[in-house]
Amino acid sequence: MDEQDRKRSVVQKTVWKGVSFGSVLAMVISYCNWHSVGWAIFHGLLSWAYVIYYVIRYGFS
C-alpha cells in the first residue's frame, strides 16, 4: 500500500465517521424533541440536513 492509498483510506474513514455521527446526532435531537422513533429514523436518514435545520430554527439552546 503506497502513500496515496493510505491517504485515500484515511479520508474515506473520516467521511464515513462524519456521516455516521451526523445521523446519530440527528436521531438524538429528533427523539428528544418529538419523542417518536419514526421521526428519529426519518431525521437520521436526513442526517446533517436536519442538524443544520435544527440549529438554524431553534438555536443552540
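Modeller: pLDDT is the predictor's confidence in each residue, on a scale from 0 to 100. The model is predicted, and its protein chain has an average pLDDT of 83, with 92% of the residues at 70 or above. Helix H2 (residues 37-46) has the highest mean pLDDT among the elements, 90, whereas helix H1 (residues 3-34) has the lowest, 81.

The patch consists of Trp34, Trp39, Phe42, Leu46, Tyr53 and Tyr58, which together present about 650 Å² of accessible area. At least two of its residues come from H2, and at least two from helix H3 (48-58). The greatest contribution is that of H2, with 3 residues.

As for the setting, the protein chain contains 3 helices and 0 strands, in the order α-α-α from the N terminus. Its radius of gyration is 15 Å, well over the 10 Å that the globule rule gives for 61 residues, so the chain is more spread out than a compact globule. The C-alpha trace spans about 50 × 25 × 15 Å along its principal axes. Of the 61 residues, 20% count as buried. The protein chain exposes about 5,000 Å², of which carbon and sulfur atoms supply 70%. Finally, among contacts between residues at least 6 apart in sequence, 38% join residues at least 24 apart.

Methods. Residues numbered from 1 in each chain as written. Predicted model: local features only at pLDDT ≥ 70, side-chain atom pairs only at ≥ 80, totals over all residues. Heavy atoms only, no water. Helix = DSSP H or I, 4+ residues; strand = E, 2+ residues; numbered from the N terminus. Patch = residues over 30% accessible without salt bridge, like charges linked within 9 Å, V, L, I, M, F, W, Y side chains within 5 Å. Areas by Shrake-Rupley, 256 points an atom, 1.4 Å probe, with all protein chains shown as cover. Salt bridge = Lys/Arg side-chain N within 4 Å of Asp/Glu carboxyl O. Rg over C-alpha atoms; globule rule 2.2 N^0.38 Å. Buried < 20%, exposed > 50% of the residue type's maximum accessible area, 1.4 Å probe, protein only. Contact = heavy atoms within 4.5 Å.
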